[in-house]
Amino acid sequence: MSKVKAVFDVAPLLENNWTGISNVIGAIAEKAIADDRIDWTFCYEILPLPRSLIEKLLGDQSGAHSGGLFHDAAINGRSLDFLQAREYVAVFPHVKPVRRYFRKEALVVHDLSPLLTPSYHNQDNIDHFANRIRHDIESSDHYFCVSEATRGDVELYFQCPRDKTSVIRLGTSFDPCDLSLALDGARRGITVEPYVVVLGTLEPRKNAAIVLEFLLENPQFGRDYKFIFIGRDGWLDEKGRLLRLLVENGIPTEQVVFTGFVPPEQRAILLANCAFCIYPSFFEGFGLPILEAATLNKFTVCSNASSMPEVAPDRSIFFDPNSLDEFSEAMYIAHRCALIGRLSRTTLADTLRRGREASWDQCYGEIARWVLETA
């Protein structure tokens, strides 16, 4: 029996630093490679890419050193022409470079934030999204939404029938070696200066300024903990604005660290050894860092907005992202939880179990089910 033919567009995997959507696409691609029921063709738009390139991208968790292989594929390869493409169903996990080109087409919708919260985006991003999203949705046969909140937005704003939408819950995929290294210090009794991790790209939507406002009103908290902002620089000069807030308000700069992008192994170490995490975003399509923190048994001081209450409610301390008072209350609750948590360190076995429970199986399984049923 011949396999079902399907296309998966992996263009974002060629980015140097994987964050957000690139990580999601990488996790789905890894599951797809292992699925012997479907003959997946991995494409850059409609240019088929060799499996060797995909395997290198997944191994590196980055596209930084894959330029040569991609160049060879682009020079020597042939795009899927229209007649060939009619044999395939296609899944586009970000934007659609072509529409109604394949026999059936599905689109992954991460969020509608450029439309719903335009004040947190630069104009180029808003224009790009607004000019594409309606046509991408209208030309698709199915929509995979990364949360119930995103599904509700898609159904409400684009009048999509429920039977054409489904939720693909995102997962985590920590490398066991990274986890072992991350937990090794705790096993050997090594202590570090207490710190909390603020998660997310530095952009206005992530609401990092509320952390500095809290420190201004609660200077003792800044003496108890160092604050580590993990995330690459985003748009609208948010990092510059945060640094100016530090200086103008006299917040000790030695208590606040901006790491920029960190690779997966360093991220695991920082998360595993922090007191707790903070994710104060105004709006998210899912909120993957909340799930990553929960997998490592960390509480997250977390916004109660959009999709975030869905992610890990048993390891979240919720607050209204527009309320400094609620944020302050949540921070002190997290502080007390951290003090209790010091008495019971998590084990590698427990972390691996939570990782299996939060795996990417459900996410990929829903995509594969649609491909197989469509065929």
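Which strands each supply at least two residues of the lining of the largest cavity? In this predicted model, the answer is β8 (195-199) and β9 (226-230).

Rolling a probe the size of a water molecule over the atoms shows where empty space is left. A search of the whole structure found 1 cavity of 30 Å³ or more. The space in the largest cavity comes to about 40 Å³. Its lining is made up of Val198, Leu199, Gly200, Thr201, Leu202, Lys206, Ala208, Phe229 and Ile230. By class, 6 of these lining residues are nonpolar, 2 are polar and 1 is charged.

The strands β8 and β9 belong to an open sheet of 6 strands. The order is β10-β9-β8-β11-β12-β13, and the pairing is parallel. At the edges stand β10 (256-260) and β13 (316-319), each of which pairs on one side only. From one strand to the next, the twist averages 25°. Within this sheet, β8 runs parallel to strand β11 (residues 277-279), and 2 bridges join them. Val198 has Ile278 of β11 as its bridge partner. Val198 is also one of the residues that line the largest cavity. Helix α14 (residues 324-341) packs on the sheet. The helix touches β9, β11, β12 (300-303) and β13. Its direction makes about 165° with that of β13.

A second sheet was also found. It is open and has 7 strands, in the order β3-β2-β1-β4-β5-β6-β7. Here the pairing is mixed. The strands β3 (47-48) and β7 (165-167) stand at the edges. Each has a single partner strand, so one side of each is left without a neighbour in the sheet.

Strand β4 (residues 89-92) sits between β1 and β5 in the order of this sheet. On one side, strand β1 (residues 4-9) runs parallel to β4, and 3 bridges join the two. In this pair, Phe8 stands opposite Val91. Strand β5 (residues 104-109) also pairs with β4 in the parallel sense, over 4 bridges. There, Val89 stands opposite Lys104. The next link in the order is between β5 and strand β6 (residues 142-145). These two run parallel and are joined by 4 bridges. Ala106 has His142 of β6 as its bridge partner.

Are the two faces of β4 covered or open? In a regular strand the side chains alternate between the two faces of the sheet. In β4, Val89 and Val91 lie on one side, with Ala90 and Phe92 on the other. All four are buried, and both faces of the strand are covered.

The backbone was examined as well. Most residues other than glycine have a negative phi. Asn297 is not a glycine, yet its phi is positive, at about 65°. Asn297 lies in the loop between α13 (288-295) and β12. Ser306 also has a positive phi, of about 45°, although it is not a glycine. Its place is the loop between β12 and β13.

How exposed are these loop residues? Asn297 has a relative accessible area of 26%. For Ser306 the relative accessible area is 31%. Buried means under 20% and exposed means over 50%. Asn297 is therefore partly exposed, and Ser306 is likewise partly exposed.

Conventions: Residues numbered from 1 in each chain as written. Predicted model: local features only at pLDDT ≥ 70, side-chain atom pairs only at ≥ 80, totals over all residues. Heavy atoms only, no water. 1 Å grid on protein atoms, 1.4 Å probe; cavity = no way out; pocket = protein on both sides within 12 Å on 5 of 7 lines; lining within 4 Å. Points joined across faces, edges and corners; volume = space filled by probe spheres on them. Nonpolar A, V, L, I, M, F, W, Y, C, P; charged D, E, K, R; others polar. Pairing = 2+ DSSP bridges. Axes fitted to C-alpha atoms, helices over the stretch in contact; angles between N-to-C directions. Contact = heavy atoms within 4.5 Å. Buried < 20%, exposed > 50% of the residue type's maximum accessible area, 1.4 Å probe, protein only.
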